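I am opening a notebook on this structure and will note each item as I look it up. The entries follow the order in which I went through them.

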Amino acid sequence: MLPSLSSKACTYRHLLPWHWRPTNSFALAYAEEIVLQRVQDCDLEAKFVRLPGGEEIRTVRATIGQDAGYLSRTPIVLLHGMGAGVGMWCKNFGPLARQRPVYAVDLLGFGRSSRVAFPANPELCESAFVRSIEEWRKAEGLNEIILLGHSFGGYLAFNYALRHPNSVRKLILADPWGLLERPDNHQPSRRWIGVLGNLLHRFDPLAVVRAAGPFGPSLIRRFRGDIQAYFDDDTDDVAATAEAATNPESVERAHDILDYIYHCNAQPASGETGFRYLAAPLGFAKRPLYPRLPQLEPRLPVSLIYGGRSWLFRYGRPADAPDLADEFRERLGPRRGPVTVRCMRNCNHHLYAEDFNQFNKLVQDESQGSASGSAADRDGDAHGAALLIHESASSVASSHSWLPHYWRPTSSFSLAYAEALVLNRISDCKLDCSFVMLPCGAEIRTVRATAPGADPVAYARRRPLLLLHGMGAAVGIWCRNIGQLSRQRPQPRAVPLDAAACEARFVDSIEQWRLAAGLPEGLLVVGHSFGGYLAFCYSAKYPASVAHLLLLADPWGMLPPPPGYEPPPLLRRIASVMDYWRLDPLDLLRAAGPFGPGLVRRLRGDLRNFFDDDGDGSSGWVGDKSSGDEVLDYVYHCNA
């Protein structure tokens, strides 16, 4: 069992402010979900598979139909490259799943799989990666597999086939890293390149992305624009895909991929540290594959697919070197199993996305020759997937132009997942989450709770109860009330009021929401703080819509200022400054950027105590955070 990174302090983390990096497990999970929504031509099942040592491997299974013959075919298992994750296969799932089930995993230490500490010894590190793949295969109940690895995944696929040949029906290496040996006389074109390479090798490859903090996402977009072009458009040829980069809608969609790449690599370093232990300076492998090719099982079919423009096979390769296909076959030596070498001449390293149609066709052809076998389809030792959020974020508040992109560690992804985390605490009623569209085009986030097991006819006749939250809060803040209140009536449609104009606009939006949601007149209305103020105004303007105004819970704006009241000079000065600059009450929180979450925890620690579970532990979604901490994160993302 490898030690978890959560038990080891990062050597530089204490130097960076809390939430310096605009990422967290919420953002990564939702970014993955957004990318996987691109897959429309097959059924996806996402889950975590628990290994015997306690580590978890993020797994996505793609299928088309549930025919017994189809499910019994030998599945394809996809291993991604360094710094990637399961979402990078979004252009390959559907076509490959037409023939047989497809599995994609986040390698140990990457993506959403467990982050562990790898041994620094290259051979032991290699064994740790391979062991995790074998334990995953056994946990999934797979007998034989067609193993496809890209880049670093190709390196690990080779090593897996070397150690577990009886579990591999066919090995497909897609532009594998570590194949070639470093030439004895190889020297960088400039001396400073060698010095810089040796210096940078002391650090993890993507440490600069994490150290950049709020500038990290922009760094990814600046230096990985090639990947953006590959995912811009689902066209049939490479040239059209490159031209799609000029289409604003395509570019915006492709940013989902770049955001996913950022969140995959802004997490604590783990898998990339293992990669660093296996790599030599200037990109070569310490244990290259070429000398070990003859050790492969002779009967095992092997296929190499590489890009004609890939840096892996141009850099450091002598100009007079023999053809790669001939050299690869010669290195393998005499074999009983077939060997094929395919070159995608117009493609670079990311050939699976750059010309995905040709790549998918080649993989289909290579796997077609593999006879069908029986692959047990069982869940193994897997637990259910984390809650997937399918509602799209309809709008994102515009940022102040003078703040750098991602200065605030929040996004629509983070807010949506933080809401799901808080609502996941509710287990005693059924929740229906949706957006209700108003005639003006605005959307109202709505949660409806109903009690299970109640008489549906009598239950539906009761008047619904409407909850309006206070300033700076949202639907999740009612998580301790929704279940109990829904036992009496169909409820709790808790509505976040996002408009910021005037009292009439707030009140009219509530009435428009009632009509759009199809609720009858005669609501029972409860409002807290600013929501209490609006509840009173709503009942005054639309008396027929309100049967009873229940308990204005500590309403804001109820009492007028006392006669002759003068606020302290400091408060008067602060109020005049805010009025002059037209600042909102929580602008300070947003301007605090990466220090914002710490500000909420510092100034609103009282909320933590209110929401901490009474003896039943935390929800267990985010490490050792308490339930109160989850609510504070939710409050931050609501207001950031």
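I began just after α13, where Gly-333 takes a positive phi of about 80°. Helices here are DSSP runs of H or I with at least four residues, strands are runs of E with at least two, and both are numbered from the N terminus. Within α13 (residues 324-332) I find Leu-324, Ala-325, Glu-327, Phe-328 and Leu-332 buried, where buried means under 20% relative accessible area, exposed over 50% and partly exposed in between, with a 1.4 Å probe and protein chains only. These residues cover an arc of only 165° around the axis, which puts them on the same side of α13; the arc is that of the directions from the helix axis to the C-beta atoms. The buried residues of α13 pack against β7 (302-307) and β8 (339-344), contact being heavy atoms within 4.5 Å.

**Basis of the values**

I keep in mind that this is a predicted model, in which local features need pLDDT of at least 70 and side-chain atom pairs count only at pLDDT 80 or more, while totals for chains, interfaces and linings use all residues. Residues are numbered from 1 along each chain as its sequence is written, and side-chain values use heavy atoms, with hydrogens and water left out.

**Helix α23**

I then looked up α23 (residues 596-603), whose buried residues are Gly-596, Pro-597, Val-600 and Arg-601. They cover an arc of only 140° around the axis, which places them on the same side of α23. On the face turned away from that buried side, α23 carries the exposed residues Arg-602 and Leu-603.

**Cysteines**

I searched the whole structure for disulfides, meaning pairs of cysteine sulfur atoms within 2.5 Å, and the search finds zero. Cys-343 is in no disulfide, and the nearest cysteine sulfur, that of Cys-347, is 8.8 Å away. At 22% relative accessibility, Cys-343 counts as partly exposed, whereas Cys-264 is buried, with a relative accessible area of 3%.

**Whole protein**

For the overall picture I noted 25 helices and 15 strands. Buried residues make up 53% of the 640 residues. Among contacts between residues at least 6 apart in sequence, 77% join residues at least 24 apart.
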